[in-house]
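Good morning, and thank you for making time on the agenda.

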Amino acid sequence: MEEEPPTQTRRSPPQPSIEEPEPKKLKMSSTTTTSDDEDVNSNSAAPKKQRYKRRKIAIFFAYCGVGYQGMQKNPGAKTIEADLEEALYLAGAVPEQDRGLSKRYDWARSARTDKGVSAVGQVVSGRFYIDPPGFVDRLNSNLSPQIRIFGYKRVTASFNAKKFCDRRRYVYLIPVFALDPNCHRDRESVKASLGSGNELVKCLECSERGRKVEGLMGKRNFEVKTAISESDISPNSGNAIEVSDVQANGALEDNATASDSIKETSVLVENSGTELNVGGEATAKIEGSEMSGLGNDSENVASKESVNRNEKSSGSFEYGKEEKARFNRILKKYVGTHNFHNFTTRTKAEDPAARRFIISFDAATTVVVEGIEFVKCEVVGQSFMLHQIRKMMGLAVAIMRNCAPESLIEKALQQDVNINVPTAPEVGLYLDECLFTSYNQKWKDSHEEVSMKAYEEVAEDFKMKHIYSHIGSTEHKEGAVALWLHSLNHRNYPDLRVADEAADDNAKNTSVDIETQAET
């Protein structure tokens, strides 16, 4: 039999192998470690190093401003911001290539405090590596005890601590004795009381020290015109001219050079008539006898009512109902939208930045720190300029001490008037809280509230331990406010009487017009 040829079997084409899909990575919470590369080979002997993602956060912290030249970083100066940025790098929140380059991690601050000013509720934002856990502890371990990080909140990618801050609340602690017109009077009044039983004799030492402290009066921003020639000036003549190159209060925070301060020297003329040009509206004639101090009762800007108040307050001064009502009435004059060019430096009257909105300003409570009673003055506004709050307080205290009329505030808020406003010491001022009302309302369903509520207790402890104790001890040891009060007189601040003298001139002109009309 013939053998049959083997049958050829038809082979089917190879089927493609079906691979199972990789399981989807789970999103980790913001409080746990996250990684861009999770597919680490378990069989490999050397696992890959974990890489963390940057997170946009808002950091809440406080600091005592003594020894620092303000919040904002400034080359060559010791600032809060410089120390904080370095701590972020040392804590691993900022990589090596971004060290010192804050723009690379979207750095923003809510408020920019001046030299020596403290803060309880400061907020900064940026994109940082917050993992592994323990971010806050790592930060605090690289900061001095004067700076304390409370915590942080996750925020939206577009969050900016400066732009999203609706309001800022500042507090100024002013000693109650500063509001007493008979306490720490000007040096001339103290010297005149020598040999008498007047309590002003006790101020002889501090009044002399206040005279020698540079930067106590602040810069003069008005023009002084005098017609005295050089031949009329001699070392032994009675018409002595004293030129003081007093720099601004806290000149380092302005970063003003020596040449800048020399340009803004003030000329104090004794025993001679001097024309003071104030914004082209009012020209005050200042006689030499008035330049020596507050002048007699007839020349003082205080009314009869305020003079009687001085006599009543010769005993123990208290911040009672009458004083509280008067002080709050004065502070309320700042509320609203005004031109605050006279309450800052380097901002011209026509600059739109000079217009600021003050939401509230009150002094309702008092607090006792190291045996000294302070009035707690709270001011809330959208934003503030350099020295603005300290100058607002300076003028308000001058009015309470009857060195200036209440109408001077309205005068100083006019755009076409230039007035030299006293600057209160920086030691009593601190940033209380930054508020983000609009942001919290918009993102309340998806993000945590950006506020100090979670840190109220630790913030209060830090405030009492570092800020309040510093304010009280500084007044005890150095008498910062007491020294400043001795400078509040018409010799140093002739503008304090401009409003009343302008009113007197208007009254005289009005009476002349009436007499002329009567004669005709």
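Let me start with pLDDT, the predictor's confidence in each residue, on a scale from 0 to 100. For this protein chain the mean pLDDT is 75, and 61% of the residues reach 70 or more. Over residues 24–44 the pLDDT is below 50, and beyond near neighbours in sequence this stretch has 26 contacts in the model, a contact being heavy atoms within 4.5 Å. Residues 218–315 also have a pLDDT below 50, with 177 contacts in the model beyond near neighbours in sequence.

Two remarks on conventions. This is a predicted model, in which local features need pLDDT of at least 70 and side-chain atom pairs count only at pLDDT 80 or more, while totals for chains, interfaces and linings use all residues. Residues are numbered from 1 along each chain as its sequence is written, and side-chain values use heavy atoms, with hydrogens and water left out.

Now the chain as a whole. Its secondary structure comes to 15 helices and 14 strands; these are DSSP runs numbered from the N terminus, helices being H or I with at least four residues and strands E with at least two. Of the 520 residues, 48% are buried, where buried means under 20% relative accessible area with a 1.4 Å probe, protein chains only. Among contacts with a separation of 6 or more, 75% join residues 24 or more positions apart.

I turn to strand S5, residues 167–175. Eight of its nine residues are buried, so the strand is mostly covered. S5 pairs in the antiparallel sense with strand S14, residues 429–435, over six bridges; pairing requires that DSSP find at least two bridges between the strands. S5 also pairs with strand S13, residues 372–381, again in the antiparallel sense, over eight bridges.

Is Tyr 170 buried or exposed? Tyr 170 counts as buried because its relative accessibility is 7%. Leaving aside residues up to four places away in sequence, Tyr 170 touches residues including Ala 111, Thr 113, Cys 377, Glu 378, Val 379, Leu 429, Tyr 430 and Leu 431.

Conventions:
Buried means under 20% relative accessible area, exposed over 50%, partly exposed in between (1.4 Å probe, protein chains only).
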